Amino acid sequence: MGMTDVLIVGAGPTGLVLACDLARRGAAVRVVDRSPAPPRTSRAKGPNPRSLEILDDLGVAEEVLAAGSDPLPMLKYRDRRPVAEADPWADSAPSPDARYGRGWLIAQWRLEGILRDRLAGYGVRVEPGREVVGLAQGRDGGDGGDGGHVDVTYADGPAGRARYVVGCDGAHSSVRKLLGITFEGTTAEDQVMVCGDVDLADGALDRTRWHQWFDEDGAVMLCPIPGTRTGWWFQAGPERDGRGRPLAPTADGFRRLLAHHTALPGRALTRAELLSTYRVNVRMADRFRAGRVLLAGDAAHVHAIAGGLGMNTGIQDAFNLGWKLGLVLAGHADAELLDTYEEERLPVAARTLDLTSERLRATLEAIRRPGGGLDAAITPDTTGLGVGYRWSSLAAGGPAPGAEQPGPRAGDRAPDAPCADAATGERTRLHRVFAGPRTTVLGFGPGSAAVLRETADAYGGDAGVRVCRVYAAHEDRAGAEPGAVVDDAGHAAAAYGTGASGDTGAGTVVVVRPDHHVGVLAPADDARSVREYLRRLHGTGRSAERSPGMVDAVR
């Protein structure tokens with residue numbers, strides 16, 4: 001049987017982002033999903049600002065923006081009358097260090113379609129109707145030594161074999177169950193919502209608003225689905241039977257809820273599909289890795305819907321894991337690098353569980369009063385831009401604790417900044433420099449030239465490292481290397497806290513991981529920190545085996 005590098009189980013946003021990231025690195029990837037056709041689900045209403053940066057790195061952000069819309073102001077009703085309007089995104093705007101100031105509204109199935117198309121561009125297609133029923137790890141005990149593998153059994157069809165398996169197969173993950181990993185937490189049987197995609201009669205409601213009716217005895221929320229003329233996301237408190245138990249969602253039930261809470265007649269709802277019941281589940285796997293099998297997204301953690309962090313946390317899991325698997329598969333990094341996936345993402349998942357539960361509590365509190373609504377769930381925490389990994393073993397060095405200084409610390413998200421290409425003068429941004437499956441070494445100030453040269457000599461070409469000299473506006477850039485940029489407005493120096501390093505000549509070096517997090521931030525004369533960090537991720541450089549399959553993102 002042929003060996004796949006990575007078998008991804010589950011073709012939702014988490015699995016597709018991981019597959020795209022691995023495929024562009026030249027890894028042999030298979031994606032299987034138990035559904036016979038791409039699942040049409042509508043729970044997630046779109047990527048947050050951090051996920052948009054990841055989609056941008058993968059080369060699909062423009063398509064995602066074109067297929068969706070800005071998040072909408074919320075119009076809130078009580079007793080069928082509008083009582084308040086709120087736009088939780090009114091004050092969020094792009095800034096030099098973050099191109100996306102707010103999330104984006106797009107149907108999850110549209111986003112998945114865009115990612116499947118990108119994946120097909122690498123020659124990889126999702127295999128539907130393939131259910132994994134058995135996993136057996138090969139003889140190396142899963143410690144990642146050469147020759148190890150996982151044998152995979154399917155409900156039907158021939159077995160398969162992969163060097164690694166990643167379960168991205170949702171809250172009811174078969175992969176997690178096959179590993180025997182516990183999914184500790186609670187399900188609130190009384191916190192229930194019914195959801196679906198519905199069509200309303202043309203002109204029934206203003207499509208520039210997210211309408212929210214919160215009454216003493218229940219609620220209905222209707223948000224227009226971008227890219228449709230009459231499609232809406234419907235969410236509501238369920239109908240209940242005589243004993244107070246929630247009833248399953250039906251089209252007629254939705255019509256009754258609509259007529260009861262809103263001024264619209266039930267017949268205004270002309271179609272209802274993708275009906276589902278959502279219960280507040282707060283659960284987390286006790287580990288994200290068992291040998292050569294890993295968990296990501298809802299398979300690893302589920303939490304309250306408040307703040308819209310479910311899909312986003314999964315996308316960010318995938319982006320953390322993809323480059324690590326890529327470097328291990330290429331033989332540059334030891335398999336221990338995969339331990340940093342759980343080390344970094346498990347605490348983020350735990351914090352997200354707390355954050356979303358708190359936002360849910362705040363929202364349930366808010367909607368008791370006329371004018372309260374889902375805006376109570378939106379806080380700066382929900383952008384994803386503040387998530388970092390300062391505790392990680394991959395966050396090397398940096399200032400002594402307590403030494404407060406401007407700019408990011410090791411482990412933090414690496415800020416963006418507008419700048420100009422030193423050779424052509426064309427506008428670009430640091431995140432554009434970081435894009436594609438490589439580690440980036442930024443050099444600020446003349447003193448950084450030696451480290452950049454040494455890095456380029458050791459890792460230039462296809463070894464997965466690029467160097468970029470960031471020139472201050474006043475610096476002489478005669479003989480600038482290709483790829484150098486000019487920080488003409490000083491935004492990069494401000495974002496990285498390097499000050500006017502061009503004046504002192506000392507300079508700063510920043511190693512940025514492929515997932516846009518700072519690995520090392522060091523004075524330019526500390527070449528050793530840079531060397532040791534790159535060796536851990538990329539081996540010894542030129543003597544390391546080249547990865548012939550490195551495919552850069554198609555732009």
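1. Basis of the note. The model is a predicted one, in which local features need pLDDT of at least 70 and side-chain atom pairs count only at pLDDT 80 or more, while totals for chains, interfaces and linings use all residues. Residues are numbered from 1 along each chain as its sequence is written, and side-chain values use heavy atoms, with hydrogens and water left out.

2. Overall composition. The chain contains 13 helices and 22 strands; helices (H or I, at least four residues) and strands (E, at least two) are DSSP runs, numbered from the N terminus. Of the 555 residues in the chain, 56% are buried. Here buried means under 20% relative accessible area, exposed means over 50%, and partly exposed lies in between, with a 1.4 Å probe and protein chains only. Among the contacts (heavy atoms within 4.5 Å) with a separation of 6 or more, 71% are between residues 24 or more positions apart.

3. The eight-stranded sheet. Eight strands form an open sheet in the order β4-β3-β9-β10-β11-β8-β12-β15, and the pairing is mixed. β4 (81-86) and β15 stand at the edges with a single partner strand each, so one side of each has no neighbour in the sheet. Two strands are said to pair if DSSP finds at least two bridges between them. In a regular strand, side chains alternate between the two faces of the sheet.

4. Pairings within the sheet. Strand β8 (residues 183-200) runs antiparallel to strand β12 (residues 269-285), and 14 bridges join them; V198 stands opposite A272 of β12. β12 is also joined to strand β15 (residues 301-302), again antiparallel, by two bridges. Strand β10 (residues 218-224) and β11 are antiparallel and share five bridges, with L222 opposite F234 of β11.

5. The hairpin at β3 and β4. Strand β3 (residues 74-78) pairs with β4 in the antiparallel sense over five bridges, and L75 has E85 in β4 as its bridge partner. The two strands form a hairpin with two residues between them. In the turn, D79 has a positive phi of about 55°.

6. A helix across the sheet. Helix α8 lies across β8, β12 and β15, and runs at about 125° to β12. Axes are lines fitted to C-alpha atoms, for helices over the stretch in contact, and angles run from 0 to 180 degrees between N-to-C directions.

7. Helices α10 and α13. The axes of helix α10 (residues 449-459) and α13 come within 11 Å and cross at roughly 25°. That angle makes α10 roughly parallel to α13; angles under 35 degrees count as roughly parallel, over 145 as roughly antiparallel, 65 to 115 as roughly perpendicular and the rest as oblique. The contact involves V451, E454, T455 and Y459 of α10, and A527, V530, R531, L534, R535 and H538 of α13.

8. Helices α2 and α7. The axes of helix α2 (residues 49-57) and helix α7 (residues 310-329) come within 9 Å and cross at roughly 45°. This makes α2 oblique to α7. On the α2 side, R50, S51, I54 and D57 meet N312, I315, Q316 and F319 of α7.

9. Salt bridges between separate parts. The whole structure holds 32 salt bridges, a salt bridge being a side-chain nitrogen of Lys or Arg within 4 Å of a carboxyl oxygen of Asp or Glu. In the bridge between R513 and E344, the N to O distance is 2.7 Å. R513 lies in the loop between β21 (508-512) and β22 (518-523) and E344 in helix α8 (residues 339-366), so the pair ties together parts that are 169 residues apart in sequence. Both R513 and E344 are buried. E239 and R256 form another salt bridge, with the closest N and O atoms 2.8 Å apart. E239 lies in the loop between β11 (231-236) and α6 (251-261) and R256 in helix α6, so this pair ties together parts that are 17 residues apart in sequence. R256 is partly exposed, at a relative accessible area of 47%.

10. E532 and R528 meet in a salt bridge (2.9 Å, N to O). Both lie in helix α13 (residues 527-538), four residues apart, about one turn of the helix. E532 is partly exposed at 42% relative accessibility, whereas R528 is exposed at 54%.
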